[in-house]
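Here are my notes for you on this fold, point by point. Keep the 3D view open while you read.

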Amino acid sequence: MSMSVGSDSGDEDQVMSEINTTPLVDIMLVLLIIFLITSPVVLKLQKIALPSEINQTLKTKPTNINIVVNKDGEMYYNQTKMRDTSALFDMLKVEAVKVPQPEVHVRGDQNTRYEFIGKVIFTTQRAGIQKVGFVTEPPDKG
C-alpha cells in the first residue's frame, strides 16, 4: 500500500492517477472476519448423519515360492531339495489352490542347461501356477 505525499518538485497541481486501495482492503478484511465468525455457526446448524467406520482386515500377500536350479539340474523348493519334478508338482499343487496365489521365482545357475529350467516351468504350468518369474543378477553400473 502506498500513499502519495506530494511530488518531488513541490507542485501539487498535478492530477493523481493512482487508485487509492486502502478503503478497499479495509472492507475486504472486515468481510473476511465476518465470514470467519459466521461460518462455524452455519455448519453447526446442519444435522447430518456421518457414516461410521468399520475396521476391515487387509488381505495379506502370500509369500513367494523360490525354486533354485543348480548347474547339475538339482531343484530346491524354498531350500528343500526335490528328488524329481513329480515331488515338485505335489508341492506346487498345494500352493496353486491358495487365494491369492503365490508367485514362483525361478533362480537358475547361469551354467544350467535349459532342459532343467524347462522342466521346472512345465511343472509349474501343470500345477496351475499363474505367475512365474526368473530372478537374474542386475548388470554392473560401470
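1. Start with the β-α-β unit: strand S4, helix H3 (residues 114–127) and strand S5 make one, and it is right-handed. Keep in mind that this is a predicted model. S4 covers residues 104–108, and three bridges join S4 to S5, the two strands running parallel. If you'd like to find the pairs on screen, Val-104 has Val-132 in S5 as its bridge partner, and Val-106 has Phe-134 in S5.

2. Now look to the other neighbour of S4. Strands S1 and S4 run parallel too, joined by five bridges. Here Ile-67 stands opposite Val-106 in S4. As a reminder, strands of a sheet pair through backbone hydrogen bonds, either parallel or antiparallel.

3. Zoom out to the whole sheet. In what order do the five strands lie? The order is S3-S2-S1-S4-S5, in an open sheet with mixed pairing. Strands S3 (80–82) and S5 (132–134) are the edge strands; each has a single partner strand, so one side of each has no neighbour in the sheet. From one strand to the next, the twist averages 30 degrees.

4. Next, what packs on this sheet? Helix H2 (residues 85–96) does, touching strands S1 (65–69), S2 (75–77), S3 and S4. The direction of H2 makes about 25 degrees with that of S2.

5. Two backbone spots deserve a click. Most residues other than glycine have a negative phi, and most peptide bonds are trans. Asn-78 is not a glycine, yet its phi is positive, about 45 degrees. You'll find Asn-78 in the loop between S2 and S3. Then there is the peptide bond joining Val-99 and Pro-100, which is cis, with an omega of about -5 degrees. Pro-100 sits in the loop between H2 and S4.

6. Finally, have a look at the surface. Which residues form the nonpolar patch there? They are Leu-24, Ile-27, Met-28, Val-30, Leu-31, Ile-34 and Phe-35, and together they have about 690 Å² of accessible area. One of them, Ile-27, is found in helix H1 (residues 22–45).

How values were computed. Residues are numbered from 1 along each chain as its sequence is written. This is a predicted model: local features need pLDDT of at least 70, side-chain atom pairs count only at pLDDT 80 or more; totals for chains, interfaces and linings use all residues. Side-chain values use heavy atoms; hydrogens and water are left out. Two strands pair if DSSP finds at least two bridges between them. Helices (H or I, at least four residues) and strands (E, at least two) are DSSP runs, numbered from the N terminus. Axes are lines fitted to C-alpha atoms, for helices over the stretch in contact, and angles run from 0 to 180 degrees between N-to-C directions. Contact means heavy atoms within 4.5 Å. Patches are made of residues with over 30% relative accessible area and no salt bridge: like charges are joined within 9 Å, nonpolar side chains (Val, Leu, Ile, Met, Phe, Trp, Tyr) within 5 Å. Accessible areas come from the Shrake-Rupley method with a 1.4 Å probe; for residues, only the protein chains shown count as cover. A salt bridge is a side-chain nitrogen of Lys or Arg within 4 Å of a carboxyl oxygen of Asp or Glu. A crossover is right-handed if, with the strands pointing away from the viewer, the path from the first strand over the helix to the second runs clockwise.
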